[in-house]
Amino acid sequence: MDATKNIAAGLAGAVVLNLLHEGGRQFYAKAPRINRVGEEALSKSLETVNIDPPKGKKLFGLTLASDLLSNAAYYSMVGSGKEENILLRGAGFGFAAGIGALTLTKPLGLNDAPVNRTVQTQILTVAYYVIGGLAAAFVAKKISERPQLNKLVSSVSSFGLF
């Protein structure tokens, strides 16, 4: 059950994170454009194995799917450990991911402007990841606290979705 709970929590954190990224970039000019970093990373990765990367909407869609999967896997670790520390752990995982988004782009050979162009962009980048981590922690906590949610998650799991 813990694995299913953690996967559900990780998926919730990833969805919240991506909604923040996508919503923010639609409405605020200084919002982080992590999608651009992801598209560049995916394109370069495919090119290294001699695959022509998709363009336009296909690249965006593939990047979004990759982001959801990788962030869900990352945030699924928030649910492991002592329950009383889960919110702090969620914030910590989010903070670490946000700082990583700011500092690892250049060493990985990626353009860091989409996440580092202004102080506001940097703050929002970290904040989005922290909120995603907190969402994962909140969902894991609620699933653990409520027997009916445990049953629901177990039922969904039995259909092979997790």
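A residue counts as buried when its relative accessible area is under 20%. By that cut-off lysine 5, at 3%, is buried. The model is predicted, and it holds six salt bridges. Three of these pairings are described below, starting with the two made by lysine 5.

**Lysine 5 and aspartate 2**
- A salt bridge joins lysine 5 to aspartate 2, with 3.9 Å between the closest N and O atoms.
- Both residues lie in helix α1 (residues 2-27), three residues apart, so about one helical turn separates them.
- Aspartate 2 is exposed, at 52% relative accessibility, whereas lysine 5 is buried.

**Lysine 5 and glutamate 83**
- Lysine 5 also forms a salt bridge with the side chain of glutamate 83, at 3.2 Å from N to O.
- This pair links distant parts of the chain, 78 residues apart: lysine 5 is in helix α1, and glutamate 83 is in the loop between α3 (56-75) and α4 (86-103).
- Glutamate 83 is partly exposed, with a relative accessibility of 29%.

**Glutamate 22 and arginine 25**
- The side chains of glutamate 22 and arginine 25 form a salt bridge, at 2.8 Å from N to O.
- Because they are three residues apart in helix α1, glutamate 22 and arginine 25 are separated by about one helical turn.
- Glutamate 22 counts as buried at 19% relative accessibility, while arginine 25 counts as partly exposed at 22%.

Key:
Residues numbered from 1 in each chain as written. Predicted model: local features only at pLDDT ≥ 70, side-chain atom pairs only at ≥ 80, totals over all residues. Heavy atoms only, no water. Salt bridge = Lys/Arg side-chain N within 4 Å of Asp/Glu carboxyl O. Helix = DSSP H or I, 4+ residues; strand = E, 2+ residues; numbered from the N terminus. Buried < 20%, exposed > 50% of the residue type's maximum accessible area, 1.4 Å probe, protein only.
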